[in-house]
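Here is a short briefing on one protein structure. Look through the sequence and the model first, then work down the topics.

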Amino acid sequence: MTLTASPTTSATTLTAAAVRPAPQPRSAYPVFRPITTRWADNDVYGHVNNVVYYSWFDTAVNAHLIDQGVLDIHAGGTIGLVIETQCNYFAPLAFPQTVEAGIRVARLGGSSVRYEVGLFAQGEPLTAAAGHFIHVYVDRETRRPVPVPDALRKVLQALVVAG
């Protein structure tokens, strides 16, 4: 595909067109968590409302970390604060439906992590939605950044994907 600029085409428009997000395959995610939709998730248009997807991102990642024994949401000294989030939508999801959330880590820094989550309709090969959020890990009391704890880092390294 060749992109050419006209007098009314901005560089931003060309860049956005050149990097249009596309659905991701299941193979792009090393870990999956099931999520059951609820009646309340649907909006007046008959599909899951966009804000619910962000809740699913948080639910999938935090449930995985809790299950791995590296996140104590009640008494842990380190907590992750979301500083950025984004989502692209490719196909609708609706109640009643089981969603499968694929989880990967795109960047593991000193005190931050970029999680990427793909939401799949049960059994479907491509994401219905895909997005990311970035956690900065901070001391629960001071809210100042701290290094990602070693046990958490080990679990996150298993989720790192090249790219």
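**Briefing: strands, core and loops**

A hairpin joins β3 to β4, and three residues make the link. This is a predicted model. Counting elements, the protein has three helices and five strands. Along the sequence they follow the pattern α-β-α-β-β-β-β-α.

**The sheet**

- The five strands form an open sheet, in the order β1-β3-β4-β5-β2. The pairing is antiparallel.
- Which strands stand at the edges? They are β1 and β2 (78-89). Each has a single partner strand, so one side of each is left without a neighbour in the sheet.
- From one strand to the next, the twist averages 25°.
- In general, strands of a sheet pair through backbone hydrogen bonds, and the pairing is either parallel or antiparallel.

**Strand β4 and its partners**

- β4 pairs with β3 in the antiparallel sense, over nine bridges. In this region Ala101 stands opposite Leu119 of β4.
- β4 also pairs with β5, again in the antiparallel sense, over eight bridges.
- Two bridge partners in β5 can be picked out. Gly118 has Ala130 as its partner there. Ser112 has Val136.
- How many of the ten residues of β4 are buried? Nine are, so β4 is largely enclosed by the rest of the structure.

**The helix on the sheet**

- α3 packs on the sheet and touches β3, β4 and β5.
- The direction of α3 makes about 115° with that of β3.
- Leaving out residues up to four places away in sequence, Leu156 touches Leu65, Val105, Leu108, Val113, Tyr115 and Val148.

**The nonpolar core**

- The largest nonpolar core has 31 residues. Those with the most contacts inside it are Trp56, Leu65, Leu93, Tyr115, Leu119 and Leu156.
- Which element gives the largest share? It is α2, with seven residues.

**Val105, a buried strand residue**

- Val105 is found in strand β3. Is it buried or exposed? Val105 is buried, with a relative accessible area of 0%.
- Not counting residues up to four places away in sequence, Val105 touches Val113, Arg114, Tyr115, Leu156, Leu159, Val160 and Val161.
- Val105 and His132 are 27 residues apart in sequence. In space they are 9.3 Å apart, C-alpha to C-alpha.

- Asp41 is found in the loop between β1 and α2. Its relative accessible area is 1%, and the cut-off for buried is under 20%, so Asp41 counts as buried.
- The side chains of Asp41 and Arg38 are joined by a polar contact of 2.7 Å.
- Neighbours within four places in sequence aside, Asp41 is in contact with His47, Val48, Asn49, Val52 and Trp56. Trp56 is also among the core residues with the most contacts.
- Pro96 is found in the loop between β2 and β3. The peptide bond from Phe95 to Pro96 is cis, with omega near -5°.
- Arg143 has its place in the loop between β5 and α3. Arg143 has a positive phi of about 60°, although it is not a glycine.
- Is Arg143 buried or partly exposed? Its relative accessible area is 46%, and Arg143 is partly exposed.

**The whole protein**

- The protein has 163 residues, and buried residues make up 34% of them.
- Take the contacts between residues at least 6 apart in sequence: 71% of these join residues at least 24 apart.
- The protein exposes about 9400 Å². Carbon and sulfur atoms supply 55% of that area.

Conventions
Residues numbered from 1 in each chain as written. Predicted model: local features only at pLDDT ≥ 70, side-chain atom pairs only at ≥ 80, totals over all residues. Heavy atoms only, no water. Core = buried A, V, L, I, M, F, W, Y, C linked by side-chain atoms within 4.5 Å. Buried < 20%, exposed > 50% of the residue type's maximum accessible area, 1.4 Å probe, protein only. Helix = DSSP H or I, 4+ residues; strand = E, 2+ residues; numbered from the N terminus. Contact = heavy atoms within 4.5 Å. Pairing = 2+ DSSP bridges. Axes fitted to C-alpha atoms, helices over the stretch in contact; angles between N-to-C directions. Areas by Shrake-Rupley, 256 points an atom, 1.4 Å probe, with all protein chains shown as cover. Polar contact = N/O pair within 3.5 Å; in protein donor to acceptor, adjacent residues only side chain to side chain.
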